[in-house]
Amino acid sequence: MTDDTKKTKDSSRYCLLHSAAKLFCKKGLDKTSTRDIAEDSKVNISMISYHFGGKDGLYKQVLMDFAKKIEAGSTEILESFAGQEMTQDSFKKEMSAIIDHMIQNRIKNPEICTMLSRDKIDGMPLSQEIHEQIFYPLILKFLDLMETAQQKKFVRADINPTLFFIMMSEGIFGFFEVAACKTKLSDRYVGLVDEPENLRNQIIKIYLEGILL
């Protein structure tokens with residue numbers, strides 16, 4: 001395979017993934033046809049089977065590529081703190097970096113996050129394998145971080161780390177879903193949707209410092 005041929009195939013793969021994410025988010029898997037994706041991406045329809053084996057394979061690959069981005073960023077954060085003696089300050093910095101990573105990925109990939117949310121509501125028929133392969137090992141590392149902080153008495157021992165993670169992650173992703181609906185609440189979170197740093201600081205205050213004076 002020549003370099004030009006490889007570049008062409010890589011380009012067609014990227015275009016298909018980009019268009020698929022947009023259309024799957026808007027119309028769902030069942031109502032999106034391979035022809036829709038091919039026309040939107042301006043890529044020959046046969047390339048869907050060539051690259052992904054069909055529409056379901058393309059759907060799963062969109063989710064897998066996103067999961068791997070999450071994995072790479074999370075691993076980088078965790079490794080940057082590995083080998084250091086955990087202090088209350090370092091724990092807060094590590095948690096803050098994880099929260100920021102969640103926010104940034106939700107902002108940059110709204111369509112894929114919507115796909116994951118819908119699949120979760122349906123019982124994860126298409127994303128369960130991805131959750132088990134990619135997300136579950138990452139969550140275990142997060143829980144280990146929380147449990148270490150509890151042992152060092154930086155975090156209350158009566159807090160369930162799994163519940164804490166679920167509520168925090170679902171809260172972050174759910175916030176953007178609610179914000180996208182443009183309800184009467186919209187004017188009450190001005191400065192959060194468009195100012196990620198402010199949103200991150202609020203989440204840190206809520207989850208790491210608490211709301212009670």
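I count as a salt bridge a side-chain nitrogen of Lys or Arg within 4 Å of a carboxyl oxygen of Asp or Glu. I worked on a predicted model, in which local features need pLDDT of at least 70 and side-chain atom pairs count only at pLDDT 80 or more, while totals for chains, interfaces and linings use all residues. Residues are numbered from 1 along each chain as its sequence is written, and side-chain values use heavy atoms, with hydrogens and water left out.

**Entry 1: Salt bridges**

Side chains of opposite charge can pair when their charged atoms come close. I then looked up individual pairs.

Asp89 and Lys93 form one of these bridges, at 3.3 Å from N to O. I located both residues in helix α5 (residues 88–108), four residues apart, about one turn of the helix. Asp89 is partly exposed because its relative accessibility is 47%; the classes are buried under 20% relative accessible area, exposed over 50% and partly exposed in between, with a 1.4 Å probe and protein chains only.

Lys92 pairs with Glu209, and the closest N and O atoms lie 2.7 Å apart. This pair links distant parts of the chain, since Lys92 belongs to helix α5 and Glu209 to helix α9 (residues 196–209), 117 residues apart. I noted a relative accessible area of 33% for Lys92, which is therefore partly exposed. Glu209 has 45%, so Glu209 is partly exposed.

Arg156 and Asp158 also meet through their side chains in a salt bridge, at 2.9 Å from N to O. I found Arg156 exposed, and Asp158 likewise.

**Entry 2: Thr75**

I placed Thr75 in helix α4 (residues 55–81). Thr75 counts as buried because its relative accessibility is 19%. I traced its side chain to the backbone oxygen of Glu71, at 2.7 Å. For a polar contact I required a pair of N or O atoms within 3.5 Å; within protein, one must be able to donate a hydrogen and the other to accept it, and residues adjacent in sequence count only if both atoms are side-chain atoms.

**Entry 3: Positive phi**

Most residues other than glycine have a negative phi. I looked up two residues that depart from this.

Lys42, not a glycine, has a positive phi of about 60°. I located Lys42 in the loop between α2 (34–41) and α3 (46–52). Its relative accessible area is 75%, so Lys42 is exposed.

Lys153, also not a glycine, has a positive phi of about 65°. I located Lys153 in the loop between α7 (128–151) and α8 (161–179). Lys153 is exposed because its relative accessible area is 73%.

**Entry 4: The whole chain**

I recorded nine helices and zero strands in the protein chain. The C-alpha atoms fill a box of roughly 60 × 45 × 30 Å along the principal axes. Of the 213 residues, 39% count as buried.

I also examined contacts (heavy atoms within 4.5 Å). Among those between residues at least 6 apart in sequence, 66% join residues at least 24 apart.

Notes. Helix = DSSP H or I, 4+ residues; strand = E, 2+ residues; numbered from the N terminus.
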